[in-house]
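Please open the structure in the viewer and keep the sequence at hand.

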Amino acid sequence: MSVWGGARTLAGSSISKSFLSEFRTSSRALPGRVCNRSLHASALTLCRQHQAEMAQKKDQIRRHIRTLEFGRRRFSTSPSNRHGHLDPPKPGEELHVTFIDKDGEKHTFEVAKGDNLLDIAQANELEMEGACGGSCACSTCHVIVESDEMYDNIPEASDDENDMLDLAFGLTETSRLGCQVQMSPELDGLVVKLPQMTRNLQASDFEKRS
């Protein structure tokens, strides 16, 4: 077998043109007195280097794929369930609520008593999910109340809401579910912030596993 044939055999059928070019260059640089055994040894060394580089690249690709799959499993960008429009408040009974979106922009609305934050956000085309339809069975309408004092004016969260909040991304001491916060005169002027990301885990996901 020729030196070139030996190089191809050692490298396998998937050898790249750049590898063969590198081998030819290195072999031409050898003195004429070097025997074929030395050329075969050089070819074997280059093959091993090439295989090590390919294995490293494959490992990097695998790690990148695992990272992408990790993100897809835990974080949701599913479409919001729209709840329709809200009736405008009666004159003299307007309440005010401000949402701070993911870009830091403020949106203030006049709403009626009894409107919940999820319905208000979706009626005004803000980016807030309601994967469970507002039934307190997910954490995709997670909001963060800006004022501790205003947070204390909100009725205490139920056990179901606390269970869902445990699944929320970026949970804080003043986190609530938008579907469970209803506007009242005590909450006039409420300011809430939308988290940068939501985690779409629902109660039904755990029921299926049990």
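Begin by selecting Thr98, which lies in strand S1; strands (E, at least two residues) and helices (H or I, at least four residues) are DSSP runs, numbered from the N terminus. This is a predicted model, in which local features need pLDDT of at least 70 and side-chain atom pairs count only at pLDDT 80 or more, while totals for chains, interfaces and linings use all residues. Residues are numbered from 1 along each chain as its sequence is written, and side-chain values use heavy atoms, with hydrogens and water left out.

Is Thr98 buried or exposed? Thr98 has a relative accessible area of 12% and is therefore buried (under 20%; exposed is over 50%, partly exposed in between, with a 1.4 Å probe and protein chains only).

Next, display the side chain of Thr108: it makes a polar contact with the side chain of Thr98 at 2.7 Å. A polar contact is a pair of N or O atoms within 3.5 Å; within protein, one must be able to donate a hydrogen and the other to accept it, and residues adjacent in sequence count only if both atoms are side-chain atoms.

Now select the strands. The open sheet has 5 strands in the order S2-S1-S5-S3-S4, with mixed pairing; two strands pair if DSSP finds at least two bridges between them. Strands S2 (106-111) and S4 (175-177) each have a single partner strand, so one side of each lacks a neighbour in the sheet.

Finally, select strand S3 (residues 142-145), which runs antiparallel to S4 and is joined to S4 by 3 bridges. Here Val143 stands opposite Arg176 of S4.
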